[in-house]
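Here is a short report on one protein chain. Keep the sequence and the 3D view side by side while reading.

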Amino acid sequence: MIPAANLHGRNHPAFLAEQIQMLHAPVAPTLMKLSIDLLTSAPLLPNGAATILAFHVWRYSAMPTRRHFLISFVTTPIVLPSLGHAASTPVELPLTASCADDHELTPAQTEGPYFTPESPEKQDFASDAPGGERLTLAGYVLTKKCQPVAKALIELWHADESGTYDNIGYKLRGHQFTDADGKWWFETIVPGLYPGRTRHYHVKVQRPGGNVLTTQLYFANEPGNQRDRIFNEALLLDIRATSDGKFGRYDFIVA
Ligand SMILES: [Fe+2]
């Protein structure tokens, strides 16, 4: 903490940084430290400039992190539209549109040419592509009646940030199983573009004893969506910006 004796007025960068730190220390601590370092190491700024700078630092550092979104997702009880109430306590995080849409099954799509069978079980894809923009991908597996499915298989594979698939090993390839509440999540990156396709993830989903759903997930507002011959807006991720990447949500409805 900065000693009060070292402050030179309410417009001093150090004073403003301290106020920001007190207000937003619980949010994005690493980013906050960088911001504080920047402000406190700068010379005294002209009158008003520090206020403007501090405001922009505040706006940026106040954004939730991917981890905050994930914790919220993991700890919030599911809404069951068919029953009209939550599974347990009050609900803050509703299902994505895919489940409220007359409980239709998630559309199937082509597997594409780059699927590799027998991928490892893993949740952390991000270490396979450390240069990519981080994205936490999460959601439920649900039945047609919007009941969560435990122990459902989720397999994910996608291109790296340059649009290249690992067709030799298992970088950016893996699978996991939904938890007892039907939830799944991966730590990965935003896939890069490659010729002929818009931005997308590939997934396979299978509940115990059920059929395999092979499909793809997309990003809204991508210039390539309307040019992509198989793009389907029913497969759009719900993307939220965070202070350290993106959080993408999709709930699969499987037979
Ligand atoms: Fe692909």
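## A hairpin in a predicted model

Start in strand 10, where Ala241 has Lys246 as its bridge partner. This is a predicted model. The bridge belongs to the pairing of strand 9 (residues 238–242) with strand 10, which is antiparallel and runs over five bridges. Two residues separate the strands, and together strand 9 and strand 10 form a hairpin.

Strand 10 (residues 245–249) also pairs with strand 3. Here the sense is parallel, and the count is four bridges.

## The chain as a whole

The chain has 255 residues, and 32% of them are buried. Its secondary structure comprises five helices and eleven strands.

Four strands make an open sheet in the order 5-4-7-8, and the pairing is antiparallel. Strand 5 (173–177) and strand 8 are the edge strands. Each has a single partner strand, so one side of each lacks a neighbour in the sheet. From one strand to the next, the twist averages 25°.

Inside this order, strand 4 and strand 7 pair over five bridges in the antiparallel sense. Leu156 sits opposite Val203 of strand 7. In a regular strand, side chains alternate between the two faces of the sheet.

## The largest nonpolar core

Which residues have the most contacts inside the largest nonpolar core? They are Val141, Leu142, Ile154, Val205, Leu217 and Phe252, in a core of 33 residues. Two or more core residues come from each of strand 3 (134–142), strand 4 (153–157), strand 6 (183–189), strand 7 (200–206), strand 8 (213–218) and strand 11 (252–253). Strand 3 gives the largest share, six residues.

Leaving aside residues up to four places away in sequence, Leu217 touches His200, Tyr201, Val203, Leu235, Leu237 and Tyr250.

## Two positive phi angles

Cys146 has a positive phi, near 65°, and is not a glycine. This residue lies in the loop between strand 3 and strand 4. Is Cys146 buried or exposed? Cys146 has 21 other C-beta atoms within 10 Å. The cut-off for a buried residue is 20 or more, so Cys146 is buried.

Asn221 also has a positive phi, about 60°, without being a glycine. Its place is the loop between strand 8 and strand 9. Asn221 has 7 C-beta neighbours inside 10 Å. A residue is exposed at 12 or fewer, so Asn221 counts as exposed.

## An exposed loop residue

Where is Glu118? It is in the loop between helix 5 (97–100) and strand 3. With 7 other C-beta atoms within 10 Å, Glu118 is exposed.

Glu118 and Tyr170 make a pair to check in the viewer. In sequence, Glu118 and Tyr170 are 52 residues apart. In space, their C-alpha atoms are 9.3 Å apart.

Methods. Residues numbered from 1 in each chain as written. Predicted model: local features only at pLDDT ≥ 70, side-chain atom pairs only at ≥ 80, totals over all residues. Core = buried A, V, L, I, M, F, W, Y, C linked by C-beta atoms within 7 Å. Contact = placed C-beta atoms within 7 Å. Pairing = 2+ DSSP bridges. Axes fitted to C-alpha atoms, helices over the stretch in contact; angles between N-to-C directions.
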